[in-house]
Amino acid sequence: MRTHFLLFFLLFQYSLGLSQSDDLAFTVSIEDVTPVNWPGLHSFAFAEWQGYWIIVAGRSNGLHGFFPFTGFPEQTANNQIWVLDPVTGDLWQKGLEDLDASVAAPLQSSNPQYVQKEDKLYVFGGYGKDAATDLFVTFDQLTVMDLPTLVNAIQNDTNIAEAVDSNTDERIRLCGGEAHQLGEWTYLVGGHDFNGLYSQSGAPAFTQEYSSEIRKFRLTTDTEGTPQIIDYEAFGDPEFHRRDLSVAPCVLEGGEEGLCAYGGVFRPEADLPYLHPIYISENGIEINEDYEQLMSQYTCPILPVYDMAQDEIHSVFFGGLSFHTYDTESQTFVEEELIPFIPSFTMMSRAADGTTKEQVLNTEFDELLGTNAKLVLLEDVPLSSEGVIDLNSITETQEVAYIYGGIKAVIPNITPSSASNRLFKVSLHPNISTASSEVLVDREMAKIQPNPFSYTVQLQWLLPSTKVDALLTDALGRPLLDLSAASTEEISRRTENMLANLPGGYYQLLLRNHDWQQRLPIIKQ
């Protein structure tokens with residue numbers, strides 16, 4: 001394993017699980033709720049403001065062509081800004097005519113990077129036609145959009161120029177990378193600087209340079225509203241030589257917030273995807289060279305779900321392009337060097353001890369979907385951290401997300417394709433185990449000191465070291481920590497650590513052995 005910048009070493013031991021829906025903490029299902037008049041789009045920039053979705057850039061056709069003049073047709077570049085209401089199906093749209101041509105051109109690009117910070121959408125890079133030169137380039141434009149002003153202008157068909165400001169910066173001249181916020185920092189993972197006409201014919205029609213970096217910076221605006229990049233750093237490694245990857249929020253060891261980067265293309269020595277996951281936090285970057293991702297290596301929706309009780313992070317991948325397919329008859333993964341489109345849903349799970357496995361779920365798309373589609377969490381979903389669902393707060397089936405757009409393929413390889421307009425609602429079905437109904441004698445076997453407490457707490461035992469069941473719940477009875485036949489030392493350590501990181505409130509710790517039980521009320525101020 002290798003680490004970068006503020007070095008830290010997490011000694012993960014990885015194993016490969018090749019089972020299908022085996023002992024899952026939860027399952028997912030999807031429901032098609034597509035409004036009849038929504039556009040088919042993919043590879044766009046996205047923001048959400050007061051229930052509205054704002055979409056800019058991207059494409060309205062399918063997968064790019066493979067010859068110089070069919071790669072990225074100008075007429076199918078998305079030249080509209082869309083405002084969509086996923087609840088009612090209403091939509092509004094407006095062209096870019098209010099903007100200077102030099103500002104508008106990058107907002108019609110394919111695969112720009114973007115992040116949303118509060119009510120601002122930052123869009124940067126992307127590949128498209130330069131209005132000044134009539135050449136296809138990767139842009140160096142950094143655009144900021146004020147979402148309240150923009151949505152109001154589009155819905156009322158007024159000038160959008162006052163909602164848009166831009167700047168240029170060579171450090172974001174990339175397309176096909178992935179940008180995400182982690183605290184105050186923006187992380188730009190991978191991407192490449194591509195110029196000229198795309199071709200696989202062997203003709204010298206383009207130049208291309210991968211960043212092979214993860215770039216870290218802050219996005220802000222000056223007093224006049226012009227977007228700026230400050231506090232810039234870049235971290236290089238051959239494993240960062242990736243584009244068209246997937247990056248999603250995750251929870252790392254000990255509950256630390258982070259980002260997980262998966263897949264991406266292409267290796268320098270072969271037209272094959274990258275397989276080692278990359279874990280990013282404000283303390284460092286770790287390349288996991290002990291595990292190889294099997295499925296969905298190209299950009300696709302990911303649903304991150306954290307099980308705090310077991311300290312496990314689960315990431316559900318929806319379709320996309322994959323280095324393997326799953327043979328249900330032999331229950332084995334089959335290597336596919338052509339990297340086909342797949343309908344499959346898979347779950348990658350990393351346990352508390354660092355072991356990782358992938359499982360193929362029983363649910364899948366009814367078409368070859370998912371590539372370059374967008375997953376959007378619902379507003380009322382309980383989160384353990386930004387962008388990560390709190391599994392322990394979901395006690396029954398709950399709608400948790402939407403999936404919209406992307407590329408729809410007809411067959412897995414060398415296929416006609418189109419931009420999908422389909423909208424799916426994703427539901428999560430937790431696997432809730434029921435507690436034993438056995439009648440046990442109430443005994444005092446442990447104490448919480450101090451109680452109430454503000455910062456740290458100790459679980460003190462009144463019995464010799466032994467094996468005990470423990471269940472920590474919140475005020476609504478939702479499980480936070482569930483241990484079976486654990487040592488008193490492990491129960492103390494994990495309970496104390498979890499309570500130290502929980503918000504103020506009422507909690508209860510249930511302890512039980514074969515003939516006794518104890519309920520400990522706990523108050524954190």
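Analyst: N111 is found in the loop between α1 (101–104) and β7 (113–117); helices here are DSSP runs of H or I with at least four residues, strands are runs of E with at least two, and both are numbered from the N terminus. Although N111 is not a glycine, its phi is positive, at about 55°. The model is a predicted one, in which local features need pLDDT of at least 70 and side-chain atom pairs count only at pLDDT 80 or more, while totals for chains, interfaces and linings use all residues. Residues are numbered from 1 along each chain as its sequence is written, and side-chain values use heavy atoms, with hydrogens and water left out.

A positive phi also occurs elsewhere in the chain. I414, likewise not a glycine, has a positive phi of about 45° and lies in the loop between β33 (407–409) and β34 (417–419). I414 is exposed, because its relative accessible area is 82%; exposed means over 50%, buried under 20%, and partly exposed in between, with a 1.4 Å probe and protein chains only.

Helix α2 covers residues 147–155, and its buried residues are L147, L150, V151, A153 and I154. They lie on the same side of α2, because they cover an arc of only 165° around the axis, where the arc is that of the directions from the helix axis to the C-beta atoms.

Other loops contain cis peptide bonds. One joins V265 and F266, with omega at about -15°, and F266 is found in the loop between β20 (257–262) and β21 (278–281). The bond from Q449 to P450 is cis as well, with omega near -15°; P450 has its place in the loop between β37 (446–449) and β38 (458–461).

Two further residues show how parts of the chain that are separated in sequence meet. E386 sits in the loop between β30 (383–385) and β31 (388–390) and is exposed, with a relative accessible area of 64%. Not counting residues up to four places away in sequence, E386 touches P249 and E257, contact meaning heavy atoms within 4.5 Å. The C-alpha atoms of E386 and V251 are separated by 9.7 Å, although the two residues are 135 residues apart along the chain.

F26, by contrast, belongs to strand β2 (residues 26–32) and counts as buried at 1% relative accessibility. Leaving aside neighbours within four places in sequence, the residues in contact with F26 include V305, H314, V316, M347 and L391. F26 and V305 are 279 residues apart along the chain, and their C-alpha atoms are separated by 9.4 Å.

The whole chain provides the setting for these details. Its secondary structure comes to three helices and 42 strands. Buried residues make up 56% of the 525 residues. Among contacts between residues at least 6 apart in sequence, 63% join residues at least 24 apart. The C-alpha trace spans about 80 × 55 × 45 Å along its principal axes.
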